[in-house]
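Hi,

Here is the structure I said I would pass on.

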Amino acid sequence: MTTSSDTSAPAALNFRSIDFRGRRLSLAELRGAVPRARHQTMADAEQKVQDIIAAVRSRGFSALAELARTFDGVEQSHPRVSAEALTQALAGLDPNVRAALEESISRARQFADRQRPRNVDVSLGDGAVVSQNWIPVGRVGLYVPGGLAPLASSVIMNVVPAVAAGVESIALASPPQKDFGGLPHPTILAAAKLLGIDEVYAIGGAQAIVSFAYGIPGSGDELPIEPVDVVTGPGNIFVATAKRLVKGVVGIDSEAGTTEIAILADSTAQAPLVAADLISQAEHDPKAASVLVTDSTELADAVVRELARQAAATKHSARVLEALSGPQSGVVLVDDLEQGIAVCNAYAAEHLEIMTADAAAVAGRIHNAGAIFVGDYSPVSLGDYCAGSNHVLPTSGTAAFSSGLNVTTFLRAVQVIKYDRGALEEVSSHIVSLSGAEDLPGHGDAVRIRFE
């Protein structure tokens with residue numbers, strides 16, 4: 001998440017229109033023409049993140065303290081959040097918020113517990129068995145942003161699938177907040193406590209990712225931060241850049257960008273609902289993307305009117321209007337539903353809502369989306385909090401080839417091969433032949449020697 005504020009006066013709405021009607025566009029042309037943000041590039045952030053990596057790896061906790069002072073305005077001796085602070089955060093949590101978190105946790109657990117794939121044993125003949133076993137990683141580091149909004153729900157979305165996968169060691173990091181004595185936001189701490197996470201760090205940005213990837217040795221009374229196997233969680237461009245740079249040292253979920261919503265709607269859609277859902281994601285960030293795809297000019301006009309009315313009345317009006325007026329947002333006019341589906345598959349939205357006649361059938365024709373929300377009563381807000389699904393999803397078109405956070409993010413498929421003498425002998429001549437064809441005779445010799 002970015003760290004800009006809402007202090008400026010609301011700007012006028014400039015929700016742009018892109019007209020695809022009467023045009024036959026290839027997939028490449030569609031991908032190039034749909035609204036996209038002109039983000040700061042990874043290259044712009046890379047040198048800064050490289051400097052953070054070098055500082056944290058060489059100077060450990062002293063570097064973290066310096067970065068906390070520079071970026072967060074707090075003094076820090078050690079970033080570990082005490083057990084007392086976690087307990088106090090949960091004790092001070094609003095009862096209604098606690099009930100909401102508990103309901104979200106319950107639904108997320110029910111969904112995650114059923115995601116774990118089954119182990120497989122395949123017999124390929126007498127004495128020849130090949131298995132695939134799903135094994136959890138040993139330790140994960142979860143990052144929860146704390147910029148424009150304290151995303152306590154992201155604690156749930158990261159922790160629950162890791163627990164369902166069977167991960168035994170889970171650490172969580174979230175930026176220190178000056179308003180809360182250098183601790184992460186108390187709602188984030190309370191959510192961690194509810195989920196049984198007691199290893200929590202007040203570390204923000206790229207330095208959190210680096211700390212998890214490489215670990216930080218302790219000295220004296222300083223407890224170390226042990227390195228993890230997988231890092232997950234959303235963040236700004238510096239977090240995404242750090243994840244890219246440590247990929248290979250650790251596994252990552254994705255290099256997530258700013259949130260986005262696309263809505264495929266026809267003349268049956270209700271303009272107030274469409275507008276409200278576009279605004280719900282625009283309030284995340286001034287760079288958030290809100291895109292309407294429709295074959296109805298009447299609906300498009302009505303939605304623009306509703307956006308102006310609702311955006312003026314919402315709390316984060318300036319932020320919302322900036323997001324809606326950016327190059328990443330707008331309405332895409334199409335000839336018909338067929339072209340609309342093609343546009344949505346080319347756009348590959350993080351969140352895609354279907355507000356059409358026979359919405360379920362239309363949803364079945366969407367192949368590229370992080371999550372699909374079907375009908376008037378399945379808004380993205382539901383998925384953000386209480387649907388049971390996960391809201392950590394691929395952005396910037398990467399839903400065409402990647403998945404949202406789920407149990408398999410924290411699992412590895414390990415193959416086990418068990419052949420006895422007879423089973424190996426049955427295929428030994430084939431191994432010798434193939435090893436000779438590849439000019440790797442030692443492979444064949446390793447089999448032949450067993451029968452001499």
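Before anything else, keep in mind that this is a predicted model.

In soluble globular proteins, nonpolar side chains tend to be buried together. Here the largest nonpolar core has 43 residues, and Val140, Val155 and Phe410 are the ones with the most contacts inside it. Quite a few elements give two or more residues to this core: helices H3 (83-91), H4 (95-113), H5 (152-165) and H6 (186-194), along with strands E4 (139-143), E5 (169-174) and E6 (200-202). The biggest share comes from H5, which puts in nine residues. There is also a second, separate core, made of 30 residues, with Ala288, Ala302, Phe373 and Val380 among them.

Next, the rings. You will find one aromatic pair in the structure. The ring centres of Tyr201 and Phe212 are 6.4 Å apart and the planes are at 70°, which is over the 60 degrees needed, so the pair counts as edge-to-face. Tyr201 belongs to strand E6 and Phe212 to helix H7 (residues 205-214), and the two are eleven residues apart in the chain. Are these two residues buried or exposed? Both Tyr201 and Phe212 are buried.

Another ring to look at is that of Tyr214: the charged end of Arg57 sits over it, 3.9 Å from the ring centre.

The crossing of H10 past H11 is right-handed.

Most residues other than glycine have a negative phi. Ala348 is not a glycine, yet its phi is positive, at about 55°. You can find Ala348 in the loop between helix H12 (337-347) and strand E12 (351-355). Its relative accessible area is 0%, so Ala348 is buried.

Ser396 also has a positive phi, near 60°, and is likewise a residue other than glycine. Look for Ser396 in the loop that runs between helix H14 (380-385) and strand E14 (411-419).

Cheers

Notes
Residues numbered from 1 in each chain as written. Predicted model: local features only at pLDDT ≥ 70, side-chain atom pairs only at ≥ 80, totals over all residues. Heavy atoms only, no water. Helix = DSSP H or I, 4+ residues; strand = E, 2+ residues; numbered from the N terminus. Buried < 20%, exposed > 50% of the residue type's maximum accessible area, 1.4 Å probe, protein only. Core = buried A, V, L, I, M, F, W, Y, C linked by side-chain atoms within 4.5 Å. Phe/Tyr/Trp six-rings, centres within 6.5 Å; stacked < 30°, edge-to-face > 60°. Lys NZ or Arg CZ within 6 Å of the ring centre and 35° of its normal. Left-handed = near helix turned anticlockwise from the far one by under 90°.
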